[in-house]
Amino acid sequence: MLTTMPLEICVDSADSLTAAITGGADRIELCSALALGGLTPSAGLMAYAAAASARCHAMIRPRDGDFCLRWGDLDAMLGDISAVKQAGLAGIVIGVSHEDGSLDRDALARLVEAAGGLKITLHRVIDLTPDPFSALDIAIELGINRVLSSGQQAAAPTGAKMLADLVSHAAGRIEIMAGGGVTKDTALQLIATGVDALHSSCRVRDPLNCPSQRIGIAPRDVTDAATVAALKTIMTQRTVQA
């Protein structure tokens, strides 16, 4: 039987959202500022995404840098979750840690409670924790739906062994999604780890050549529909026994 593993594409603009859906994305991680690792999207982008055909999950990250809470961060995140619910999006993506990298369980519990019926992804904060298996257990206890991980490495292909271990530890209690360095060339290696989904940006340099660099604004990258489609084709072609 032919089965299709879900493909999640992270985007930070309306045009990238459109390209991701055109290419066949099953789910969207909606962000701003992917160059900074992804921050909370604007209210306008959330409203635009609410009308999209794919399920959209908004990043809840009010600032760049690490995942430790500073003054006002938790209040900002709670307010952003309220905005996600008001926009009518399907889910959120969260992650909070202590200085040693361990998950901030109390803060995460507050965010999960605020999310109500939204689907919840724990982002790659898990790749910084000293004990990813304990972190996975915390996520399960809190009722989080899935974890995005690169296997505690900079890129998921390098962390494939850890991803397989996380899948084994999860034992079907929570979804494991591989992200970081996911391309059509690495997809089969990552699928072989047993992960439940793949996550990628499928970004290329923006083909428009507007002269913003003259005033110090860096060129932007955008999601490419053809790159999404190529990755999705590799994922769809795998065949398993019913």
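Let me start with H57 and its surroundings, where contact means heavy atoms within 4.5 Å: leaving aside residues up to four places away in sequence, H57 touches R27, I28, E29, L30, A90, G91, I92, V93, K119, T121 and R146. H57 sits in strand β3, residues 55-59, and here strands are DSSP runs of E with at least two residues, while helices are runs of H or I with at least four, both numbered from the N terminus. At 1% relative accessibility H57 counts as buried, a word that I use for under 20% relative accessible area, with exposed for over 50% and partly exposed for what lies in between, computed with a 1.4 Å probe on protein chains only.

Before going on, a word on the source: this is a predicted model, so local features need pLDDT of at least 70 and side-chain atom pairs count only at pLDDT 80 or more, whereas totals for chains, interfaces and linings use all residues. Residues are numbered from 1 along each chain as its sequence is written, and side-chain values use heavy atoms, with hydrogens and water left out.

Now to the nonpolar cores, by which I mean sets of buried Ala, Val, Leu, Ile, Met, Phe, Trp, Tyr and Cys residues joined through side-chain atoms within 4.5 Å. The largest of them has 62 residues, and the members with the most contacts inside it are I9, I28, I92, L111, L122, I176 and L198. There is also a second, separate core of five residues, among them C10, C31, M59 and V93.

Let me turn to the helix pairs, for which the axes are lines fitted to C-alpha atoms over the stretch in contact, and the angles run from 0 to 180 degrees between N-to-C directions. Helix α3, residues 73-87, and helix α4, residues 105-115, have axes that come within 9 Å and cross at roughly 20 degrees. That makes α3 roughly parallel to α4, given that angles under 35 degrees count as roughly parallel, over 145 as roughly antiparallel, 65 to 115 as roughly perpendicular and the rest as oblique. The crossing of α3 past α4 is right-handed, which is the term when the near helix is turned clockwise from the far one by less than a right angle, left-handed being the anticlockwise case. On the α3 side the contact is made by L74, M77, L78, I81 and K85, and on the α4 side by A107, R110, L111, A114 and A115. These residues divide into eight nonpolar, no polar and two charged, where Ala, Val, Leu, Ile, Met, Phe, Trp, Tyr, Cys and Pro count as nonpolar, Asp, Glu, Lys and Arg as charged, and the others, Gly among them, as polar.

In the next pair, helix α5, residues 132-142, packs against helix α6, residues 160-170, at an angle of about 40 degrees with the axes 10 Å apart, and that makes α5 oblique to α6. This crossing, too, is right-handed. P132, F133, L136 and D137 of α5 meet M162, D165, L166, H169 and A170 of α6, and the contact holds six nonpolar residues, one polar and two charged.

For helix α1, residues 14-23, and helix α8, residues 225-236, the axes come within 7 Å and cross at roughly 35 degrees, with α1 passing α8 in a right-handed crossing. Here A19, A20, T22 and G23 meet A225, V228, A229 and K232, which divide into five nonpolar, two polar and one charged.

Lastly, some loop residues. V125 lies in the loop between β5, residues 119-122, and α5, is buried at 0% relative accessible area, and touches F67, G95, V96, S97 and L103, not counting residues up to four places away in sequence. A33, in the loop between β2 and α2, has a positive phi of about 50 degrees although it is not a glycine, and at 28% relative accessibility A33 counts as partly exposed. C202, in the loop between β8 and β9, likewise has a positive phi, near 50 degrees, but C202 is buried at 6%.
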